[in-house]
Amino acid sequence: KEVKLWGGRFKETMTPAVEKFSESVSFDKKLYKDDLAGSRAHASMLSKQGLISEHDLEVILQGIDEIERQIEAGNFMWRADREDVHMNIEAALIDLVGESAKKLHTARSRNDQVVTDVRLWCRRSIDQIINNIIELQVTLVNLAANNKGLVVPGYTHLQRAQPLLLQHLLLAYVEQLERDAGRLNDCRARLNYSPLGSCALAGTGLPIDRFATAKALGFIAPLRNSVDAVSDRDFLIELLSANSIIAVHLSRIAEEWVLWASEEFGFLTPNDAVSSGSSIMPQKKNPDPMELVRGKSARVIGDLTTILVLCKGLPQAYNRDLQEDKEPLFDSVETVLASLKVTGEFAKNITFNKERIASSLPAGHLDATTMADYLVYKGVPFRTSHDIVGKAVALAISRKTELSKLSLQELQSICSVVDDDVYSFLGTANAINRFQSYGSTGEAQVASQMQYWSEKLNIH
Ligand code: ARG
């Protein structure tokens, strides 16, 4: 059995069960790229500070390159008895290049090493998530552009409320995704500081240069406090919170599209390429991908919860519990990346059923609020006009008809100021044309929002 790199004081070897329980390399090997980057920066700094020779540096850097090649070719032997990604790489480096490699861990602990790796990994992941967000925004704006002028019922409480341009509804998702990207950017800016050189918890007596390693790794600066640097995972809580909000947004889109794909709504049809069948019911075509997007939001929220609970009872500084941060982190990022991608894929594969939507518009008195606005133009106080239109709606319901189909006499029997011009406010088509406030569903407003997003997202 190989002696551990930390084995100097130990007289017994670890029991197999404890070794298996403690290893993290089976999942933290995902950090290898960041670990190698950290080691390159650290070794270069050590040499510049005269703590290792230029020869040692050269040998170490060559060894690191070779290990990277091995890992990427799938030839690297990951060993559970070497615990984690850091010890695997360091031990392999010693096997490969000998004595020089034993100097790499000068003025470094796995405690600052691991959190450096994780910050680098998060930074790269945030950039990927933001890319996927932008891609989905582009897809949604294109979907909106292809459905110009389509009016759909808008809902509150899932009851018919007022008419909306479909473009307006789709751009609401785009706005939400924009704030999601903003939260990730905020998180990125706050996490982009270097823990490297904080060592175990107290820093070091050796003359290292933390500013040099921070700069080499693209961090803004070194973290000021070595205890804080190795202790906290608040940046993970922040990233997983941002991811949870993304997942919740996607889950709401998913819910809406699943609903719209139902026989009862029938507003959209997904292509076969994004649908699944049933093992027993031959007629079924289910919108599974979006159900899964909705479902996977549960695990993203669970991942955040795991890290919150993981951190809440920990004294300063490093505690081994923190090894448990990796799986929820990786799971959250991978799930959100895939959910963004699949939502885009689904969006590219749906058709809005224009006739079905149009034939459903007369139901639910979507123009009632517009009629109340009409009475405001006639000088009626809004509370009074609300009451009048309520009575008109009741009359329409009792006649099994729509507001626009009530005769002028019928309308005047409820309110004498109603005139012939009321009919230019009634009906969904008229109603939608009346909207004009900033941010409303009026045609001009939505057109300018469409232009805003097309320019911002560089869509031609
Ligand atoms: N695998 C460990 C982790 O993920 C690395 C740090 C271990 N440090 C230690 N002193 N045991 O947290």
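These legends describe an overall view and close-up views of a predicted model.

**Figure 1. The whole protein.** The predicted protein contains 18 helices and four strands. Its C-alpha atoms fill a box of roughly 100 × 55 × 45 Å along the principal axes. The radius of gyration is 31 Å, whereas a compact globule of 460 residues would have one near 23 Å.

**Figure 2. The shell around the ligand.** Ser-24, Asp-28 and Asp-84 are among the residues that surround the ligand. Arg-110, Asn-111 and Val-114 also belong to these surroundings, as do Arg-320, Leu-322 and Gln-323. By class, the shell holds four charged, three polar and two nonpolar residues.

**Figure 3. Where the ligand shell comes from.** Domain 1 (7–106) and domain 2 (111–359) each supply at least three residues to the shell around the ligand. Among the helices, H6 (residues 110–145) gives the most, with three residues.

**Figure 4. Packing of helices H7 and H10.** Helix H7 spans residues 166–191, and helix H10 spans residues 234–260. Their axes lie 9 Å apart, at an angle of about 170 degrees. H7 is therefore roughly antiparallel to H10.

**Figure 5. Residues between H7 and H10.** On the H7 side, the contact includes Tyr-173, Gln-176, Leu-177, Asp-180 and Arg-183. Leu-184, Cys-187, Arg-190 and Leu-191 of H7 also take part. They meet Phe-235, Glu-238, Leu-239, Ala-242, Ile-245, Ile-246, His-249 and Ile-253 in H10. The residues of this contact divide into 11 nonpolar, four charged and two polar.

How values were computed: Residues are numbered from 1 along each chain as its sequence is written. This is a predicted model: local features need pLDDT of at least 70, side-chain atom pairs count only at pLDDT 80 or more; totals for chains, interfaces and linings use all residues. Axes are lines fitted to C-alpha atoms, for helices over the stretch in contact, and angles run from 0 to 180 degrees between N-to-C directions. Helices (H or I, at least four residues) and strands (E, at least two) are DSSP runs, numbered from the N terminus. Angles under 35 degrees count as roughly parallel, over 145 as roughly antiparallel, 65 to 115 as roughly perpendicular and the rest as oblique. Two residues are in contact if their C-beta atoms, placed from the backbone, lie within 7 Å. Ala, Val, Leu, Ile, Met, Phe, Trp, Tyr, Cys and Pro count as nonpolar, Asp, Glu, Lys and Arg as charged, and the others, Gly among them, as polar. A residue is near a molecule or strand if its C-beta atom, placed from the backbone, lies within 6 Å of it. Domain bounds come from an automatic or database domain assignment. The radius of gyration is taken over C-alpha atoms; the globule rule is 2.2 Å times the number of residues to the power 0.38.
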